[in-house]
Amino acid sequence: MAIATEVSPADFRTDIHPDWCPGCGDFGILNAIRQALAELNIQPHDVLTVSGIGCSGKTPHYIKSYGLHTLHGRSLPVATGAKLANSELTVLAMGGDGDGYGIGAGHFVNAGRRNLDLTYIVFNNGVYGLTKGQSSPTLRRGDQTRSMKEPSIQDNINPIAIAIAAGYTFVARGYAMDVKSMKAILIKAIQHRGTAIIDVLQPCPVYNDLQTAEFYAGRDLATAIPRVYKLEDEGFDPYVHDPDDGDEIIAKKVAATARSFEWGDRIPIGIFYGVDLPTLGDGFAAHRPDAPTTSIHKQAQPGQDVTSVLGRFR
Ligand code: SF4
């Protein structure tokens, strides 16, 4: 079969019809992923998508690439293993806020400090949609969605602030209903050399009747000005320009973290923080300078005993 050199979003379509509810923000994220991969001219066979459990967990079924639908909260460790085995793959880990920030919270934190070259996309809707709308770690204290009997009595977590503290080297927030800007963020995240996370505000019109598309559009505000605004439109510079300058890193982290707490009449999206630092792959290379630089999958032939290859990584 001839391999196309110019890739289009249609090349990433499968023949499985997405069964998300009408109006779900997941459709926007799916479209943005397909468009970003096509714009980067990445071939479908060079992509791996890995998901956890939840409505978002179905996404790899709808993207024509290698795909794994794994266990609850486990997309990141599976994606990590795959990227280590085949460093040439473009690896996209994904899942919901309950999946990643609740069940997979330990993996969420520890992926940041490793700085492996992959992208983690979190479909953040404030509820566990697949299991009928229980509150998730990002639902705010006092919020009561239509699926809850009483308001939440717990504070929400701030995933942007946690990601910055955990060591992610590219931290962004997208908005699922703005596919164009979501695609632009995804392109930068995939191009970034290191672990990138995009927390995506994703309306769930079925179970979350608070953080809706109308809410993000500011329809309830007297001004009717959209709550969602782009950091770049206000001249916010997220990037560390000298990675050897510890003071600059701290200053950028402080500025990004402060911005991440803005929530109310104005909600920022865009890139909060970015820095170029050595990846986990760089660490392996420095630790074992005599190790082969080719990917593990290229060092072994089908049927070959790979014990000696794997032994080099013990
Ligand atoms: Fe989307 Fe919510 Fe329906 Fe799940 S339950 S598919 S998140 S609208």
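I started with strands β7 (residues 170-175) and β10 (residues 267-274), which run antiparallel and are joined by four bridges. Strands here are DSSP runs of E of at least two residues, and helices are runs of H or I of at least four, numbered from the N terminus. In this pair, Phe170 stands opposite Gly274 of β10.

Ground rules: this is a predicted model, where local features need pLDDT of at least 70 and side-chain atom pairs count only at pLDDT 80 or more, while totals for chains, interfaces and linings use all residues. Residues are numbered from 1 along each chain as its sequence is written, and side-chain values use heavy atoms, with hydrogens and water left out.

**Sheet.** I traced the strand order as β2-β1-β3-β4-β8-β7-β10-β9, an open sheet of eight strands with mixed pairing (two strands pair if DSSP finds at least two bridges between them). The edges are β2 (66-69) and β9, each pairing on one side only.

**Helices.** Helix α2 (residues 75-85) lies across β1, β2, β3 and β4, and runs at about 175° to β3; contact means heavy atoms within 4.5 Å. Next I checked α1 (residues 26-39): its 14 residues reach 20 Å from first C-alpha to last, close to the 20 Å expected at 1.5 Å a residue (the expected span is 1.5 Å times one less than the number of residues).

How much of α1 is buried? Ten of the 14 residues are, so α1 is largely enclosed by the rest of the structure. Buried means under 20% relative accessible area, exposed over 50%, and partly exposed in between (1.4 Å probe, protein chains only). The buried set includes Asp26 and Arg34 as well as Ile29, Leu30 and Leu37. Their cover includes β1 (47-51), β3 (90-96), β4 (119-124), α6 (179-191) and β8 (196-201).

**Positive phi.** Lys132 is near 80°, in the loop between β5 (127-128) and β6 (134-135), and counts as exposed at 55% relative accessibility. Ala224 is near 60°.

**Ligand.** I found Trp20, Cys21, Cys24, Cys55 and Tyr207 among the residues surrounding the ligand, with a heavy atom within 4 Å as the cut-off. The shell has eight nonpolar, three polar and no charged residues (Ala, Val, Leu, Ile, Met, Phe, Trp, Tyr, Cys and Pro count as nonpolar, Asp, Glu, Lys and Arg as charged, the others, Gly among them, as polar).

Note on methods
Axes fitted to C-alpha atoms, helices over the stretch in contact; angles between N-to-C directions.
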